[in-house]
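User: I would like to learn how to read the local features of a protein model, one kind of feature at a time. Please give me the general idea first and then the case at hand.

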Amino acid sequence: MHRTFRRVAVVGAGTMGAAIAAHLANAGIPTYLLDIVPRALTPKEEAKGLTLESPEVRNRIVREGFERMRKAKPANLFSDKTAELITLGNTEDNFAWLEEADWIIEAIIERLDIKQSLMRRIEAVRKPGSIISTNTSGLPIHAIAEGRSDDFRAHFLGTHFFNPPRYMKLLEIIPTPDTAADVVADMIAFASEVLGKGVVQAKDTPNFIGNRLAFIGSAQTISYAVAHDFTIPEVDLLTGPLIGRPKTGTFRLADLVGIDILAAIGNNLYDLIPHDPEREVLKSPEFTGILQSMLERKWLGNKTKIGFSKQVRVDGKKEYWPLNLKTMQHEAMPKPRFESVGKLRNKPLPERLRGMVEADDRAGAFVWYVIAHTLHYAASVMPEISEDPLAVDNAMKWGFSWEVGPFETWDILGVAKTAARMQEDGLSIPAWVQEMLDAGAESFYRTHRGQKQRWVIGQGYVNIDPDPKLIILDELKSSDDRVILNNASASLLDIGDGVALLEFHAATPNGRVMNMLDLDILTIIEETVERVERDFVGLVIGNQGEHFSTGANIFLIAVNAQQGDWDTLEDLSRKLQSMRRVFTTMSKPVVAAPFNMTLGGGAEVSMAADRIVAAAETYMGLPEVGVGILPAGGGTKELVRRVISPAARIDNPGIDKYVQDVSLTIATARIATSAVKARRLGFLSDCDRIVMNRDHLIAEAKAEVLAMVATGYRPTFPVKNCYAAGRDALASLQVYIEMQRLAGYISEHDAKVANKVAYVVCGGDISQPQWVDEDYFLDLEREALLSLAGEPLTQARLWHMLQTGKPLRN
């Protein structure tokens, strides 16, 4: 059993400290956030007659840090209400609060003497057994705890969060030689299961693993690009998704991080690694010269809206002009094109990597240089940063969104073949890699007698301990006996213990797996019900793609609407609507496991299940009004059932508020920006669960199915469970819509769509409120869909969305 963290304290309310406190609150952990007391009044405080002893003044610094965190985009908090778990204080009046904390995190200025002084104060108040950590990224971890007691040092370690902590998966945990093993184990378990982090254990070396590799690699890439006359668009194309890295590429990422931050990291890292043969790239004129020139111009990237690119307007349209690295002028540049890229860009990643490093053009030469130097540097700094290739690979995947890490990449390319080519280019092979090859090992990773292993320095192949909460669907699908049903868009899999999983994997024409609900998916759902009833104890609906589902296939709707094939369109709506009745009347429980984009039909599928187990980062909503229709796969009815109907039973006099909320949620296409907000909008119920670690989502959903079976699941047959508010509620909404139209906030067509939404939400213009069956609302949904789909502007919006992926503005 691992220790329980009931309260955490963060000292330092800067960008990182406040964001760490926010993520702890996201996880439901009550958190103290402290910062120093101001030494001088602001003019505004003086004008109010305040003094340095005024409580408002004494908490000014922590309050300002907290407010910056609350206003930051993307949002640090799951919801505004989450902030209530954070209590603000200062390090003079409220320092004693730290004695309540099970974990105390230091996130103050990067000065060793100040951090050491804080540790001395913390030791005087901390309770026995509490853990203390530092979020430093540039100071030796062990030095911060120098002079402290044996017990303090046994409970002290580094916890390096990546910014912003809510979204960045990586957490580097850095124990010192004095850190107790149980403390490390407890922190890893808590960070993984409660905070949803991917944890990598790193050594106490400069910049640890992720930033060390990423920064040197970035400097090498930029230096090579400048020296060989590559443009910024070319570099970002060649260092982005093409080779399994984020869309930001190299230069867009630099603008995001900040040019001043890059320069500061470079200067700091250079001094910390005198032994590193690659450190001179940090002082190369191609790298530092560019950065220094930009700093002199105050081009700091996104924060100043000018950096390696800047936004301009040409003929009233917004464009982004990249920086010409020779002239230091921003200018329009053509879209880069390389023959090799054109041939390979739609191939699977392993084929792209192998093809690009072999390509006989400028792009191939560039990609080979970047990858070869990345692999070489990663291997060269081991075992300084880690003995374990798995830790290095995970750090780059979780901290920088690489699809594969350096050593996984090397395996894809062939270790011996790539090493030989590196030597031809003058790159010496690190001794441990050569020892591995000499021992007859052909790869850094292998599967031996059914057990995954990786090559660890000094040990050889070592088993990779499986995560009991990790179910990898691609691995299951490699076994024929696990695939029960399969077509182009969906599969039914056996995930063990009598539980089946319905997986969506529908791709768009450009190859992106957006999991739009198409006829193949609807067909396999019908077959799934039969197989689950016969052979399984329950069903999970989930997948491990980029998104759970982005909704119904717009092409099907657009074509049928344009051709006036109303019967086919109505049948599509009926099939979507029938899912809830089918799932809830099954004798086996159905659990949906949504994550990321869960829109339109994706949200309707989720709400049709008996229970939802959602990833914390689930963006759920019903955006159909953006193309001029309304949710007609049961989505409108479900919000009536989930939000309005419960309120009608306990708060009937105030029912208009709930009717308006649901109408606005649909008519304004509100998208929940977290699973917590999805619950507040009514997409999730109080019985549904939220999982912080998305890697554990399928296993947690499976566990939910088994728990429902164990507690005696029974199907439901609802009767008159939906509240139709009727004519008076509808009239109020119609007045509001007309006022919005007259004020110019919405167009005639928007008003028409909004009135249809209001009509359905209110249950039509019935004279008195009444309880009705779900079918009553489903009929209204379909009628409204067919009515709106016939509108010329709706059809124009559908085709515009289909062709551009963006809504058509009025």
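Analyst: Let us start with Pro 74, which sits in the loop between helix H4 (60–71) and strand S3 (86–90); helices (H or I, at least four residues) and strands (E, at least two) are DSSP runs, numbered from the N terminus. The model is a predicted one, in which local features need pLDDT of at least 70 and side-chain atom pairs count only at pLDDT 80 or more, while totals for chains, interfaces and linings use all residues. Residues are numbered from 1 along each chain as its sequence is written, and side-chain values use heavy atoms, with hydrogens and water left out.

User: What kind of peptide bond joins Lys 73 and Pro 74?

Analyst: As a general idea, most peptide bonds are trans, and most residues other than glycine have a negative phi. Here the bond between Lys 73 and Pro 74 is cis, with omega about 0 degrees. Another cis bond joins Met 382 and Pro 383, where omega is about 10 degrees, and Pro 383 belongs to the loop between H16 and H17.

User: Is Met 328 buried or exposed?

Analyst: Buried means under 20% relative accessible area, exposed means over 50%, and partly exposed lies in between, with a 1.4 Å probe and protein chains only. Met 328 has a relative accessible area of 9% and is therefore buried, whereas Asp 497, at 58%, is exposed.

User: How many residues of helix H18 (residues 406–413) are buried?

Analyst: Seven of the eight residues of H18 are buried, so the helix is mostly covered. Among them are Phe 407, Trp 410 and Leu 413. The buried residues of H18 pack against several elements, including helix H15 (349–358), helix H17 (389–400) and strand S12 (445–448). Just after H18, Gly 414 takes a positive phi of about 95 degrees.

User: What is the nearest side chain of opposite charge to the buried Asp 393?

Analyst: Lys and Arg count as positive and Asp and Glu as negative, with His and the chain ends not counted; a salt bridge is a side-chain nitrogen of Lys or Arg within 4 Å of a carboxyl oxygen of Asp or Glu. For Asp 393 that nearest side chain is Lys 397, 6.1 Å away, and Asp 393 has no salt bridge. Asp 393 lies in helix H17, and a polar atom of its side chain is 2.8 Å from the backbone nitrogen of Phe 407. Counting contact as heavy atoms within 4.5 Å, and leaving aside neighbours within four places in sequence, Asp 393 meets Gly 405, Pro 406, Phe 407, Glu 408 and Tyr 445.

Definitions and conventions: Polar contact = N/O pair within 3.5 Å; in protein donor to acceptor, adjacent residues only side chain to side chain.
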